[in-house]
Amino acid sequence: MSNKIQLYSLATPNGQKIGIALEEMEIPYDAHKVDIMKGDQFKPEFVKINPNSKIPAIVDLDGPGGQPLSIMESGSILVYLGQKSGKFYPQDPRLQSEVLQWLFFQVGGIGPMFGQFGHFFKYAVGKCDHPYPLERYTNEAKRLLGVLDKHLEGRQFLVGEQYTIADMSIVTWVNGVRVHYKGEEKLELNKFTHVTAWVKRILDRPKTQKGLSVCAM
């Protein structure tokens, strides 16, 4: 096996983040599709890499000290790759703090809330006859979009003037509302004009577009 990064993933919003990062950072990698619909994430060989049985995960065969390193959790993978490549992760302490704030905003807010919205809007149809869960997660997803929209007014990207791992971490979830959940009308996505312009700006990048299809479903 080569010393390339070994990516274990599927092209879900969380998985797409890492495909984008690897392509944009121009880090050599081998992609291995983990079909979560078939239970691949529970196979012993994958659990050894990620005990939590979630995608994505990576193995850096040339990790610190030249030793292999397995990394789970998409946010931590983005930080690691940014540090390793020196790209899309600013060295300035103030900017780095801002990047981490928006990364955690995604990990703790956008991801879980958008994921629950998608579950109750698309996947739990017919399984839950109470309106409360969908109302709750629709309202929270809209609130978070409003936070993003206000922040992006007059900005090209989330932090400074450069594309960073913060943008990578969030754009797949906002794009996923349309692509994966078909929920753009429910969330009135077009009303968040700064967000939609930001998504288009990022998805116009060829390497980001290529990253979206890594380990395609």
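Tutor: A residue counts as buried under 20% relative accessible area, as exposed over 50%, and as partly exposed in between, with a 1.4 Å probe and protein chains only. The model is predicted, so local features need pLDDT of at least 70 and side-chain atom pairs count only at pLDDT 80 or more, while totals for chains, interfaces and linings use all residues. Residues are numbered from 1 along each chain as its sequence is written, and side-chain values use heavy atoms, with hydrogens and water left out.

The chain as a whole comes before the pairs. In sequence order the pattern is β-α-β-α-β-β-α-α-α-α-α-α. The radius of gyration, taken over C-alpha atoms, is 17 Å, close to the 17 Å that the globule rule gives for 217 residues, so the protein is as compact as a globular protein of that length. That rule is 2.2 Å times the number of residues to the power 0.38. The C-alpha trace spans about 50 × 40 × 25 Å along its principal axes, and 49% of the 217 residues are buried.

Now the charges. Counting Lys and Arg as positive and Asp and Glu as negative, with His and the chain ends not counted, and placing each charge at NZ of Lys, CZ of Arg, CG of Asp or CD of Glu, the mean positions of the 26 positive and 23 negative charges are 2 Å apart. Side chains of opposite charge can pair when their charged atoms come close. A salt bridge here is a side-chain nitrogen of Lys or Arg within 4 Å of a carboxyl oxygen of Asp or Glu, and the whole structure has 11 of them.

One of these joins Asp 30 to Lys 4, at 3.9 Å from N to O. It links distant parts of the chain: Asp 30 is in strand 2 (residues 29-33) and Lys 4 in the segment before strand 1 (5-9), 26 residues apart. Asp 30 has 22% relative accessibility and counts as partly exposed; Lys 4, at 35%, is also partly exposed.

A second pair is Glu 26 with Lys 87, whose closest N and O atoms are 3.4 Å apart. Glu 26 sits in the loop between helix 1 (13-25) and strand 2, and Lys 87 in the loop between helix 3 (74-85) and helix 4 (93-123), so that 61 residues separate them. Glu 26 is exposed, with a relative accessible area of 52%, whereas Lys 87 counts as partly exposed at 31%.

Lys 191 is exposed at 60%, and Glu 188 is partly exposed at 30%. Salt bridges with shared partners also join Glu 26, Lys 87 and Lys 207 into one network.

Glu 188 has a backbone feature as well: its phi is near 50 degrees, a positive value in a residue other than glycine. It lies in the loop between helix 6 (165-179) and helix 7 (193-203).

Key. Helices (H or I, at least four residues) and strands (E, at least two) are DSSP runs, numbered from the N terminus.
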